[in-house]
Amino acid sequence: MTGNDDTRWYRPAEPVAAVADAGPGPVGDGVRLSGELLTVEAAALTDEVLARLNELLLPLDASLAAENVVAGRRTLRVSGLTATEAGVALQAHLPVYGEDPDGIDSALARAVASLRPVTERADRAGLLEEATAVRSPFAAVRSPFAVRSPFAVRSPFAVRSPFGLRSLVDARRPLAVRSPFAVRSPFAGAVREAVDVGPLAPPPDTVRPARPPVVAIVDGGIAAHAWFTGLDGPIVTDALDLGWSPAEELPGPRVGNVDQDDALDDAAGHGTFVAGLVRQYGPSARLLSLQAMDADGFFPPGRSVSALTWLLERVRRATEHPAAFVDVVCLAWGYQDDDPADQHPVQVRRLLGELGDLGVQVVAAAGNRSDRVPVFPAALTSLATPESLPAVPLVSVGATNPDGSLAAFSSYGPWVQHYERGSALVSAMPASFGRVLTVQQLSGATGQPWAFDPDDMATGTARWGGTSFAAAIVAGRFAQAVAQDADSDSVHRDAVLARVARARQTVLGTR
C-alpha cells in the first residue's frame with residue numbers, strides 16, 4: 001500500500017467484533033460510554049472532513065451526523081455502528097495521513113486524532129464531555145482495520161513537531177516501502193526553515209593531522225557548498241568517483257528535488273545538513289559521501305546494504321592502502337526490526353559488526369519517535385550480549401534541546417547511549433534550493449512586502465532539528481578526537497583500536 005492513491009480511503013468491510021472483546025476499560029462509578037455519540041475538535045471538522053469521515057465509514061454501512069458545539073468540540077451522532085466501533089475504525093486510518101500540513105489529509109488526521117468518547121451518567125440526563133475518569137477506548141482496542149502491513153510501516157523518524165500542536169497529526173506519516181528495513185523520513189524532529197547566518201562558517205582546521213580522519217556519511221548526498229572546501233581544496237569525496245556501484249539506481253537530482261508546487265521534499269538537503277554539522281564539529285575531517293536515500297526520504301534496502309558492503313571492503317584494504325581507511329560512519333536513519341523473515345536487518349547487523357571489529361566507530365541516530373520503542377541500527381548495542389559486541393561498539397545518539405533537556409521528538413530509553421544537542425541547529429543546505437527573485441520581489445523595487453519563504457535556501461544555510469543531526473555532531477566530535485590523537489596516522493588494527501578507545505573517552509566519557 002503506497003498511502004498515496006485513492007484506494008487508501010477504502011478497506012474491506014470486516015466485522016468489528018474485536019471491539020467488544022477488548023473493552024474500553026473502566027470509566028468510573030455510574031459512568032458509561034455513549035453508544036451513539038462522539039466528540040471532535042470543532043475547528044477541525046469542516047464539511048469536507050466530515051464527508052471524508054463518512055467515506056471511510058461507508059464500507060461498514062455506518063455514518064456520522066454533526067450536531068451541536070460545546071466548549072469548542074462538536075458532537076457527532078453515529079449510525080450503523082456503536083460510537084466505540086466507529087471511533088476504532090476511524091482511528092485505524094490515522095497512520096496514513098499528515099503528509100501535507102495544509103492539505104485535506106492533515107485536516108482529516110487532525111480530526112481523527114481529536115476524536116473522543118462521550119460519557120453519560122445513569123443518574124443524570126445530561127452528557128459529560130471527556131470526563132477525567134474516562135480512558136479513550138480507541139487506544140486500547142485492536143481493530144481488524146488497524147493491522148499494519150509489513151510493507152507499510154510507520155517511520156521512526158516521522159515525529160510530532162515541538163513547535164506545533166501536541167497531537168498525533170504530525171506523529172504518523174504514510175509510508176510506501178519495500179521492506180520494514182526501508183524507512184521513511186530520516187530527516188528531522190523539528191521544523192526546517194531557511195536562515196541567514198551571515199559570515200558564520202565552520203572553524204578552520206588548525207590541527208592539520210598527517211592523515212585527516214574520514215567520516216563516511218551514508219545519507220542523501222552532499223551538495224557543493226562553500227563550507228566543504230578546506231585549505232587543501234575540497235573535503236568531500238563522492239563514493240561513486242571511487243568505484244562504488246549502488247545496488248539500485250540513484251535518483252536525480254542527487255541532493256533532493258523540488259516538487260511542482262515549488263515546495264522542497266521533506267528530506268531535501270538532509271545529507272548536506274548532516275555534512276555541515278560534521279564539518280562544524282570535526283573541522284579536520286574529510287567527508288566520504290554515499291547517497292543511499294531517495295529525494296523523498298526513503299532508504300531502499302539494497303542501496304543501503306551495498307553502501308555498507310562497499311565501506312567494509314574499503315576498510316579491509318586499508319592495511320595496504322591507508323588512504324582507504326574510514327574512521328567514522330554516520331547513519332542518520334533507522335528502522336524497526338519487526339519482521340524476522342526480512343534479511344536486510346540481518347545483513348546490516350553483520351556489516352556494522354564487522355566494521356566495528358576493524359576499528360570503525362559507527363554512530364547511529366536513535367530516531368524521532370518520542371517513545372522507548374527500539375530503533376535499529378541504533379539499538380543494536382543494548383540488545384547484544386557482551387561477548388557478541390564488536391571491538392568498537394556502535395554509539396546510539398538521542399537529541400536534547402539547547403538547554404540540555406530531552407528534545408520532545410527524541411526517542412529515549414536504555415538503548416540510547418548518548419544524548420547530544422539536536423534541536424534548533426544551523427547547518428549547510430544546497431544553495432541551489434534558492435529562488436531567483438523577480439524585479440517585483442526585490443526590495444525597493446515596488447515597495448511590495450513579501451512573505452518569508454522557509455524553503456528558499458538561497459543563503460545556503462537553514463535551521464533544523466532531529467536525532468539525525470545530533471548523531472552528525474557526535475560523528476564530527478569523534479573525527480576531531482581522532483585528528484588530535486598523538487597516533488592519528490596509523491591504520492593498523494591495534495593502533496586503531498587504542499585510538500578509538502581514547503576518542504570514546506573524550507567524546508562519551510567511556511571506553
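Trainee: Which residues does Leu287 touch, not counting those up to four places away in sequence?
Mentor: This is a predicted model, to start with. In it, Leu287 touches Val215, Ile217, Ile222, Phe228, Ile235, Val236, Thr237, Ala275 and Val278.

Trainee: And which residues touch the most other members of the largest nonpolar core?
Mentor: Val215 and Leu287 do. That core has 46 residues. Helix H10, residues 467-483, gives the most to this core, with eleven residues.

Trainee: What does the second core include?
Mentor: Leu288, Leu312, Val329 and Phe376 are included. This core is separate and has 45 residues.

Trainee: Back to H10. How do the axes of H6 and H10 cross?
Mentor: At roughly 35°, and they come within 7 Å. H6 covers residues 270-281. The crossing is right-handed.

Trainee: Which residues meet there, in H6 and H10?
Mentor: From H6, His270, Phe273, Val274, Leu277, Val278 and Tyr281. From H10, Ser468, Phe469, Ala472, Ile473, Ala475, Gly476, Arg477 and Gln480. The contact divides into nine nonpolar residues, four polar and one charged.

Trainee: New topic, the sheet. What is the order of the seven strands?
Mentor: E10-E11-E7-E12-E13-E14-E15, in an open sheet with parallel pairing. The edge strands are E10 (236-238) and E15 (418-421). Twist averages 30° from one strand to the next.

Trainee: How many bridges do E12 and E13 pair over?
Mentor: Four, in the parallel sense. Val329 has Val362 in E13 as its bridge partner.

Trainee: Which strands does helix H7 lie across?
Mentor: H7, residues 301-316, lies across E7, E11 and E12. The helix runs at about 145° to E11.

Definitions and conventions
Residues numbered from 1 in each chain as written. Predicted model: local features only at pLDDT ≥ 70, side-chain atom pairs only at ≥ 80, totals over all residues. Heavy atoms only, no water. Core = buried A, V, L, I, M, F, W, Y, C linked by side-chain atoms within 4.5 Å. Buried < 20%, exposed > 50% of the residue type's maximum accessible area, 1.4 Å probe, protein only. Helix = DSSP H or I, 4+ residues; strand = E, 2+ residues; numbered from the N terminus. Contact = heavy atoms within 4.5 Å. Axes fitted to C-alpha atoms, helices over the stretch in contact; angles between N-to-C directions. Left-handed = near helix turned anticlockwise from the far one by under 90°. Nonpolar A, V, L, I, M, F, W, Y, C, P; charged D, E, K, R; others polar. Pairing = 2+ DSSP bridges.
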